[in-house]
Amino acid sequence: KPIGFIFFSSIKPNVYKKGHTQFFLQIAHYLSAIIEKSHVYDQLLKLNNFKTGVLEIAAHDLKQPIAVLQESLSMLQEGALETMTDAHKETLQRMNRSCKVMLRLIDNFLAFHTLEGGKISFQKSPADINLLIQECVNDTQILAASKQINLIYHRPGNLPSINIDSDKIVQAINNLISNAIKFSPFQTTIT
């Protein structure tokens, strides 16, 4: 498909020989390839911008119901604390933590796709790794119970506080535990 033309001329007759013609055809071929690649690149940029817009809309649409659920859980937790058992309170706290994790995951997902240069930022602060792991184990107990799996965390003792991005560590630990549950047979123990 033609995309333009190149015109070579001279006021002298018979200036261009067969070698010149081959050279001009080669230049035309290279130029057309460059122009075609620039068109493809422009199309890719447009598609990438469209994808980013879709992701922003999807993230917003995912965050809205989770935020409503989180607020409802908070209201329920505040209003009925006196009449709830400790197990009910813990269940509500676990659900609330899961909502927070989902909201942060959506934010991280959206941020990852809008970053330039593919760099991910870390929000480091001192954290108790034992506490983070224990919360992840507690939060995934319901998944384990659905397969009658016993999920046990053996604390290695008092570990010092470490400087980490807690959200990303929780995401990784939850992923490991969820995969362990998913790929373990029924009625087993995961430690």
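A polar contact is a pair of N or O atoms within 3.5 Å; inside a protein, one of the two must be able to donate a hydrogen and the other to accept it. The model here is a predicted one.

**Exercise 1. Find where Ser 184 sits, and decide whether it is buried or exposed.**

*Solution.* Start with the place in the chain: Ser 184 is in the loop that runs between α4 (166-183) and β4 (189-190). Next, check the cover. Buried means under 20% relative accessible area. Ser 184 has 17%, so it counts as buried.

Now look around it. Setting aside residues up to four places away in sequence, Ser 184 touches Lys 147, Ile 149 and Ile 190. Then use the opening definition: a polar atom of the Ser 184 side chain lies 2.4 Å from the backbone oxygen of Ala 180. For a sense of scale, pick Lys 124, which is 60 residues from Ser 184 along the chain; their C-alpha atoms are separated by 33 Å.

**Exercise 2. Say which residues Asn 96 is in contact with, leaving aside its neighbours within four places in sequence.**

*Solution.* Find helix α2 (residues 86-114), where Asn 96 lies. Asn 96 has 10% relative accessibility, so it counts as buried. Its contacts beyond those neighbours are Gln 70, Leu 73, Ser 74 and Gln 77.

**Exercise 3. Trace the network of salt bridges that links Glu 90, Arg 94, Arg 97 and Asp 139.**

*Solution.* The structure holds 5 salt bridges. Take Arg 94 and Glu 90: their side chains meet at 3.6 Å, N to O. Both lie in helix α2, 4 residues apart, which is about one turn of the helix. Arg 94 is buried at 19%, while Glu 90 is partly exposed at 26%.

Then move to Asp 139 and Arg 97, whose side chains form a salt bridge at 2.7 Å, N to O. Asp 139 is in helix α3 and Arg 97 in helix α2, so this pair ties together parts that are 42 residues apart in sequence. Asp 139 has 15% relative accessibility and is buried. Put together, Glu 90, Arg 94, Arg 97 and Asp 139 are linked in one network.

**Exercise 4. Find which helices the salt bridge between Arg 104 and Asp 167 links.**

*Solution.* Begin with the distance: the closest N and O atoms of Arg 104 and Asp 167 are 2.6 Å apart. Arg 104 is in helix α2 and Asp 167 in helix α4, so-called distant parts of the chain, 63 residues apart. Arg 104 is partly exposed at 29%, and Asp 167 is partly exposed at 30%.

Terms used:
Residues are numbered from 1 along each chain as its sequence is written. This is a predicted model: local features need pLDDT of at least 70, side-chain atom pairs count only at pLDDT 80 or more; totals for chains, interfaces and linings use all residues. Side-chain values use heavy atoms; hydrogens and water are left out. Helices (H or I, at least four residues) and strands (E, at least two) are DSSP runs, numbered from the N terminus. Buried means under 20% relative accessible area, exposed over 50%, partly exposed in between (1.4 Å probe, protein chains only). Contact means heavy atoms within 4.5 Å. A salt bridge is a side-chain nitrogen of Lys or Arg within 4 Å of a carboxyl oxygen of Asp or Glu.
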